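Subject: Structure for your review

Dear colleague,

Please find below the structure that I am handing over to you. My findings follow directly after it.

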Protein chains: 2
Amino acid sequence: MSRRVVALCGGVGGAKLAHGLAMALPPGHLSVIVNTGDDFEHLGLHISPDLDSVMYALSGLSDSDRGWGRREESWNCMEALQQLGGPSWFRLGDRDLAVHLERTSRLREGARLSEVTAELCKHLSINTEVLPMSDAPVRTRVLTDAGALDFQEYFVHRRCEPAVRGFLFAGAATAQALPRALQALAQAELVIICPSNPFVSIEPILALQGIRSALEGIEAPVLAVTPIVGGKALKGPAAKMFFELGIPASAAAVARRYAGFVDGFVIDDSDPVPEPLERVRFFSAATVMRTERDRQSLAEAVLRHGEELVARHGAEA
Amino acid sequence: MSRRVVALCGGVGGAKLAHGLAMALPPGHLSVIVNTGDDFEHLGLHISPDLDSVMYALSGLSDSDRGWGRREESWNCMEALQQLGGPSWFRLGDRDLAVHLERTSRLREGARLSEVTAELCKHLSINTEVLPMSDAPVRTRVLTDAGALDFQEYFVHRRCEPAVRGFLFAGAATAQALPRALQALAQAELVIICPSNPFVSIEPILALQGIRSALEGIEAPVLAVTPIVGGKALKGPAAKMFFELGIPASAAAVARRYAGFVDGFVIDDSDPVPEPLERVRFFSAATVMRTERDRQSLAEAVLRHGEELVARHGAEA
């Protein structure tokens, strides 16, 4: 398949499929729109965890054992920072720090986040287009039993322990979606929603003006991949969030959250096919990505199923 | 000797004597007023090279082979930064970065430089009082054949190559000397000018309102230690600066710059005693500090000569 593909994604899981798609598609055919609701300021640095996960996955720099951050990482700065009484709850690797320093420095010089991202990708020899969802700040706040928490405070510092009651995407009502992201969606021949946490990775993107309506009005099919397998999230708190919100965690539950704009939904082939959902076609594939080969296989399966949706769209038109 | 001693100093050479004095004096008897004219912003970080040199020397963290920065240092962030096209002319070690991050972060929170310095010293178990010369920014600019350069641009980026025509201490006319530094001087029983570059380490301190007049009016003797031995600077561009300013580099030339407020001047025992200078008594000592033992020996010699000056002051009174 050599169509123009746009993927929406958050952190680690989504980044893996983005990497698979980058391997499966010819260069220049993939744009990835990345959640920036997790971005935060820490130690004076602008940190964009999801952009970094995507960049590290696409450049082959990610650490597959640890599951986050860079491989061949060292922690000497962090160790020295602890000795100085500095905050150590957010672990910053020495090599990872270089990205935060360079990004922060360029942003302070007045560059836009999208520009800086393009520069970083160029230096890392990434030829996939990586697009932050917006150049304006949107900050995910997790409404919990312990009060409203900034995302990283909830996710890293509090280890997702407080029970979730809801989410707030501060700034989303006024933040403009990245114009190039809207353009990429308009030009897309297939849109893929990566296996990312629906609440805190995909929905912040959908909350931006123009994104959801673009997905609803788009001619190209939209195909989502489940982040839930066997009622569990492969990584992160998605299943716990479903539970605390009173919804049984399942691929079907994710599909229902995306109803209205998805045409297809890929469940894991170990899971039963969900109850039919209006206008959503279900597919099965091996969605668990342990190896690089798994990433590419899933990407190829997703592109194949996307092709089927395109054919059906064509037949209906 | 267990008098209250105040030392004025800049970077590496001065820091070594400060360390020697800290070893030679009982705890709580030494305050060090440190030049901050070299401070600069780099990659969004507030960097205070001289404060760091002093802190690292006093805490035993400095690298004696390299001559600057921290021992057991690694350079992984720097290497990654270069890969990203970031600036690499100012070498930041991974452990050193922790100090810059913590300091910058605390300053952004509204803390004063002197407060942050005290906090860092506390965490590094330093029981010498380390005082930045001012909480307000003063920035040394080097007037050269290649134009006016920020100090680090001249010193690190251009490797002291442009010929020096003069110096400017931007902000010094309005910056207040640290009140605690003035208080320490008023309470001092001996003031030591460390073997630091007179032009860019000591004179920025003297340029602050109240410092020079305090030194001139002070009852305690002021004793300087030469940074020039055998017509050369042990480290850094002091001798080159003298030459370019048309002054033969010598201990005597340094003593003449300090005339008006020094009562004693320690030359290296390998150098000839200079021509008499009004109101300045010359002493000789082994001023080259290669080992930790050298630092303490020089400190002890300096304190002994200081004691002689105190006795003479007493006799004159």
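In chain A of this predicted model, A:R159 lies in the loop between α6 (151-157) and β8 (164-170). Is A:R159 buried or exposed? A:R159 has 10 other C-beta atoms within 10 Å and is therefore exposed, the limit for that class being 12 or fewer.

Chain B has a corresponding entry. B:R159 is placed in the loop between α6 (151-157) and β8 (164-170) of chain B, and phi of B:R159 is near 50 degrees, again positive in a residue other than glycine. B:R159 counts as exposed because it has 10 C-beta neighbours inside 10 Å.

I turn next to the contact between the chains. Chain A contributes 24 residues to the contact, and chain B contributes 24 residues. On the side of chain A that touches chain B, α3 (76-83), α4 (94-108) and α5 (113-123) of chain A each supply at least two residues. The largest share of that side, 10 residues, comes from α4(A). By residue class, the side of chain A that touches chain B comprises 10 nonpolar, nine polar and five charged residues.

The last topic is the interior. In soluble globular proteins, nonpolar side chains tend to be buried together. Here, the largest nonpolar core has 209 residues, and A:A18 and B:A18 are those with the most contacts inside it. Leaving aside residues up to four places away in sequence, B:A18 touches B:A7, B:C9, B:V32, B:V54, B:A57, B:L58 and B:C194.

With kind regards

Notes:
Residues are numbered from 1 along each chain as its sequence is written. Chains are lettered from A and ligands numbered from 1 in the order in which they are written. This is a predicted model: local features need pLDDT of at least 70, side-chain atom pairs count only at pLDDT 80 or more; totals for chains, interfaces and linings use all residues. A nonpolar core is a set of buried Ala, Val, Leu, Ile, Met, Phe, Trp, Tyr and Cys residues joined through C-beta atoms within 7 Å. A residue is buried if 20 or more other C-beta atoms lie within 10 Å of its own, exposed if 12 or fewer, and partly exposed in between; C-beta atoms are placed from the backbone. Two residues are in contact if their C-beta atoms, placed from the backbone, lie within 7 Å. Helices (H or I, at least four residues) and strands (E, at least two) are DSSP runs, numbered from the N terminus. Ala, Val, Leu, Ile, Met, Phe, Trp, Tyr, Cys and Pro count as nonpolar, Asp, Glu, Lys and Arg as charged, and the others, Gly among them, as polar.
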